[in-house]
Structures are given as C-alpha cells and as structure tokens.
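Open the structure in your viewer and keep the selection tool at hand. The tour goes from one selection to the next and says what is found at each stop.

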Amino acid sequence: MHGKARTRLEIVLFVAPALILFIGFVIVPVVLAAVYSFFNLPAGFRWEMLNPERFVGWNNYTRAFSTPEFRKAIANTFFILFASLLVQGPLAVGIALLLNRRMRGRGILRLLIFVPYVLAEVIAGLTWKLLLQPNGGVNAIVDALGLGFLHRNWLADPKLALYTIFFILTWKYIGFAILLMLAGLQGVPHELGEAAAIDGASWWQTQRYVTLPLLAPTIRIWAFLSIIGSLQVFDMVWVTVAPTLRQMSTETMATYMVQQGQFAGQPGYGSAIAVILFFISLTIALGYQRLALRRDLAGSVTRGVR
Amino acid sequence: MNKLSIKHVVAGFVAAGVSLGSLAACSSESPDTAGPDTGESSESASAPAEEVTITWWHNATSGPLPAVWEKVAQDFEAANPGVKVEQTGYQNEELQRTLIPNALASGDAPDLFQVWPGGEIRDQVANGYLMALDDAIPDTIASVGATVNPWQVDGKTYGVPFTFGIEGFWYNKDLFEQAGITTPPTTLAELNDAVTKLKAINVTPIAVGAGEKWPAAHWWYQFALHSCSPETLTTGAAEFDFSDPCWVDAGTDLVDFIATEPFQDGFLGTPAQTGAGSSAGMLANGQAAMELMGHWNAGVVGGLTPDEEVPEFLGWFPFPAIEGAAGDANAALGGGDGFGCSADAPPQCADLLAYIMSEEVQKEFAASGSGIPTVPGAQSALEDPNLQMVAEGLSKASFVQLWLDTEYGTTVGNAMNEGIVNLFAGNGTPEDIVKRMQDAAATL
C-alpha cells in the first residue's frame, strides 16, 4: 500500500468513530430540533406528523418572545450569568490569593473549599432543599443564634428564591473557580513579586499591578466556563425549587424548555425554545472568544482574527 | 366471578391434575409402558407453547398497593405457565408525564400500563398506541359499568379503570371538635366559618401542597365545578369553549377565599404527598385540620404517621356547595386509575388485565385500603371507613367531572394550571386563567 493512501485510511479509521458519534448525537439532533421548531406537534408525535398541515412557520418563535414567562426565564438566566461573574469572580480571586500564601492548614482549606464542586449537582440541590425548608436546618441555626429576624422561607418566597438559588450555585462552583485561580497563580513567578517588593511596592500594589495582570488569562477562561455554565443551569433549579415557585420566580431558559416541550406536551414549541437557547449560547460564546479570549487561544479557533 | 377468572381457575386445576397424574405415574411400581407414556403426555400438556414476558408499569410506590400488584403478578404467573410478569411501580407524575409518553413515542412501550382518561387517551388512540379491548375481554368491561366511559374513544374501550373515586376534604375530627365545629361544612359560608374557628385554636385550617401545581389547581377545579352548570362543563370539555362567565366567577370566588388566608405559611413551596412537611404530612401529624385531596389520600396520610397507620381522627366530607351559583351542589370531581394494553402487546396482556379486574383481585384491592374498586361486587370488601365514605359520596354524586387537567389534555391542562398557580401567588387574575386556556386550546 502506498504511503499516501495508507495515511488516508488511517485518518478515516481513527476519525470515523468519533465523527459518527458527533454527527449522530450532536449535529443531527440540533438539526432535527430546528426542523421540529417549525411544526405544531403533540406529545409523543411520529415522523409522519411533520406534514404541511402542522407546519406553523415562525409561530413558535414569535409565541416564545411574546410570552412573559419566557422573557422572565431569559432575564433570570442572565441574572445568574452576570451575578456569577461579578460575585464569584472577585471572591474566588481573593480567596485564591489568601490560600496562595504560606499558612498552617492550607492543604485542608484547599480541600474543603473544593468539596462542594465534587458533589453531584442533584445531591447538592436536594441537600440544600432540605436545609432550607421553613423548619429546616438553616432557619433552626438562624433562630438559635438569636437572629430570628433572618428567619425566612428561603425556597418558597417568590421574592427570595432566585437569590437562594444563586447562593447555592455560588457555594457549589466557587471551589472550582478558586482551584483554577490557584493553578493560575502557580504560573506567576515569585521573582516578579520580590522585584516589586524591592522597588517598594506594598502587598496590595504587588497584587494589583503584578499578580492580577498575569492571572488575567486564567480569569478569562474561568469567566468563559462560568458563562457557559450559567446559560445551561437546569438541575439545581429543577430539583431544589418546587414547580410552582419555579414558575413564579426561578425559571431558567433550560427549565422553561423542558417544562413546555416535555411536560406541557408541546415538542414543537419546546424545540423552538431549544433553538433560541442554542443561538443565544452560540452568540455569546463566539463573541466572547473573539473579544476576550483571542490572545489566549491564538493559533487554535480564532486564527485569522486580527 | 366472571367467565375469565373461572377459565383461569379451571386452567389451574387442569395443570394441577396433570402434574398430580405424572407424580402418580412416577411413583407407580410398574416400570413398563405406563411410566414413559404419562411422563411424555404431562410434558406436552404443561410445556408452555411459548415463553411470554409481560411488562407492567403502574403507579403504586407506597402504602399497601405495591404488595397487592406483586401478588397479582405472581398468581398470574402461577396460573399461566410460560408467562412471566415483570411489574414495576413508578411515581405517578413521572410515569404519566415522562416515562409512558417517551416509551410510546420510542416504539418500545410496556405491555400493560396505566392509561389516563381524557386528553391523554384520545391522543394515544389517535397515534395507534393502544389496543382496543372490546373483543378480548367484553365481560370485564361490562363489569365496571359506566365507570369505563372516560376510557372509551369513539365507542371503543382502550382501558379499564380498577379504581375510581372523588375528591373531598380529608379532615381531623379531633381538631374540628376542639374548634367547636359540630358538623362538616356543607356550604362555602360554613367552610369560611370553620376556617375562622380553626384559626382561633391556632391550627392551620387547610393545608395545600401548592408547590406542586396540581393540588392548587384542584381548588380552582372545585370552584369551577360548583360555579358552572353540568352543561357548561360538558361543552367546555368537548369544544374548549370557556366563554361562560362562570369560569371567571370561579377564579373570583377563589381569590376571595384565598384572601381569608386559610392555608399554611409559604404554601407556594409545600409539596403535596411526600415527607412530613408536605400538606398530607401536616394533616397526618395534626398541624393542619383539612386538606382537599383525592380518594387516595387516606393511604398517603397513613404512610406519613409515625406508626404508618391511617390515623383514627381522619374523616372525609365532600366539597361544599357555593350558594347562589349555577353549579350543581352535588357535583363531584374525581378520577380513577386504569390499565390498558399497548397495541402490540401479546394477547396475554388482556388476560392479565381481566385477572386484575376479577372480583377476587378487586376485593383484595379494596381490602388493602388502597382505593375504591370499580367492580360493584367488590365494594363490600372495603374495610376502611374513610374509603366507605368516599364510595358513598361517589354514589350520591349527581354529576361526576373528571379532573379538569386530565379532561382537557396536557397542553390546555398545563396552561390552566399555570394560570391558577399565578392566582395563588397573587400575581394572576381570574380572567388570565380563562385566557390561557383559550390560547392553549387555539394551538392544538
């Protein structure tokens, strides 16, 4: 066999399984969802039902954008997105800077902070659900500390539930952010800090003008992962909040999609939501890559961007 | 006993006789001709024609019912050699909204499964997912009388209900006595009065599991049932015509009722049936005096007490009438559970269904306290005084309306429940519920 043909065969052999899986389980479903989104379909529909009689054009899309619940779901999702960036980011950088100094019990602290991230999201959600019941652990502690005025119905108060969910998400994912930041800090050379100190910079100035700029690539990657994660929030909301409260105040784009597509028996409408979610995520991901990540990813996806 | 169960018993006797005969042959002293011959004939008689496995999905996950179904499966296997019954219980809403629709759509449906009447059975029949049972088990269908009607589509029967009951108030007799309420309320005014008296003794008057949408929605269904005439209700179901003002009145009356704060604190997050903090749990441990819930609730409440027994104090009364409204004071809201066979299930599926519906199994079902049987002959076996009261209420009802979300189907039902939940949360209007129902109906 000639070298060239052989190389080609090898490429085909090695790429084919992955390609088939990727096309079959990613590309085809995405395309099918786009097709379904133009039809009005009942629950448990069959292929023959994709006929002109059930074709509704852009109706599912206009319906989605004119539905207050869906607009609320988008708003909630973006609240989680921005709040994650603004709260978790600074918190994670701060804690990572602290944990990066030599101190007693540093290893244990690092481990403890990372524990919530290791838990499955559903288990974390159910645990918090029990703790946050009206007569659950959190309120019991609050009362025992004499802070009765803080006694709240954390998950059943429509005004509070979204913040409670955001707190649980932060509790769960801050460990991951801290770990990333710590790893990033390992790449910041000590010599630079020492040089700054010799030049008379205070600890704060060193962090601000030396460490943070060198940590920026890590922060940008973390922000990207956090944005993607926020757009997908589903499990935590689904298992932690009662369906009624979810509808009232914590619906995210993903939970709304499942509720309408599956539980309201409207796969066509649900698919339209899925397509909208897909395009929102795609736009944000690509935009972020082009604007913020291009230096970090130069040479891979964004080659050619000037 | 109906013809089919007789057939099973006869078949059992025949099988037993044959095996006895072969035993006798084996123990017989003469080793020549008789032995091998009988052995051969017994083998051919008892050998199954083919191995068949029937998968059976039901909604029994707690209380005494799982044991009843397990025994049914075992007895059916014993009486039908070669037939294997794999029965599994799933949580009701999970089964109804996720598991069965997905299994049907994927073409890999269980053979025997829970079939919900109204909108869902209509869709399933339209898709050709269900087996028509009229030719296979006519006697079984006849044995439950008019109760089978909701499981019929275009004159054919696609499911048979094994239980049917109505909703009412489950209440704590002791707390009622403490509050000085002598007779259960029969009108809305009396109910309001009872709420006031119960508040005076520092008890949550009514628990509602509004965290899940349907328990809240049932309140609106009851108000609609007692505001609208039976004719209006029937037209609503048949044509999705909700233009009659009574549909809005139902919401207005409900808003007024919610404004009296009869429910527990934070009811928007309360689950209905699971755990001590659920509405059923609050009733079970005496924190709440009443809960509006279906006929199955005695079993659920019993499962949530420390000793897992249905508490002595539990009583039942039907939803009170609304004075001056067009609704029938004796109308009742209810529903049942039925089983049907998937279109490509083996014929033994219908036999199993017939066995489940036999008077003997129905009596076991009734005696277990799981619900009200649909075969009239089995109702005498009801031991639970609470279920006896519900059964009596059902027999007194002049008009029985299926749960409205079931009746209208998933899409309209979901939109309706969303609207009702908004009303409970104080950010919806009675008009909005009706508008959502009409909008959803328009998308069908």
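The stops below cover an interface and then the nonpolar cores of this predicted model.

**The interface**

Start by colouring chain A and chain B separately. Contacts join 24 residues of chain A to 26 residues of chain B. The two chains bury about 2100 Å² between them, with 46% of that area on carbon and sulfur atoms. On the side of chain A, select A:Thr244, A:Gln247 and A:Phe263: they lose the most area to chain B, together 24% of what that side buries.

Next, select A:Glu69 and B:Arg436. Their side chains form a salt bridge, 2.5 Å from N to O, and the count between the two chains is one. Polar contacts across this interface number 10 residue pairs.

Now show the helices of chain A. The most comes from α11(A), with five residues. By class, this side of chain A has 11 nonpolar, 10 polar and three charged residues.

**The cores**

Move to B:Trp219, B:Trp220, B:Trp247 and B:Phe424. They have the most contacts inside the largest nonpolar core, which has 78 residues. Helix α9 of chain B, residues 213-227, gives the most to this core, with eight residues.

Centre on B:Trp219. Beyond its neighbours within four places in sequence, its contacts include B:Phe169, B:Leu254, B:Phe319 and B:Phe424.

For the last stop, select B:Val160, B:Phe339, B:Ala354 and B:Ile356. These are among the residues of a second, separate core of 52 residues.

Notes: Residues numbered from 1 in each chain as written. Chains lettered and ligands numbered in written order. Predicted model: local features only at pLDDT ≥ 70, side-chain atom pairs only at ≥ 80, totals over all residues. Heavy atoms only, no water. Contact = heavy atoms within 4.5 Å. Buried area = accessible area lost by both parts, 1.4 Å probe. Salt bridge = Lys/Arg side-chain N within 4 Å of Asp/Glu carboxyl O. Polar contact = N/O pair within 3.5 Å; in protein donor to acceptor, adjacent residues only side chain to side chain. Helix = DSSP H or I, 4+ residues; strand = E, 2+ residues; numbered from the N terminus. Nonpolar A, V, L, I, M, F, W, Y, C, P; charged D, E, K, R; others polar. Core = buried A, V, L, I, M, F, W, Y, C linked by side-chain atoms within 4.5 Å. Buried < 20%, exposed > 50% of the residue type's maximum accessible area, 1.4 Å probe, protein only.
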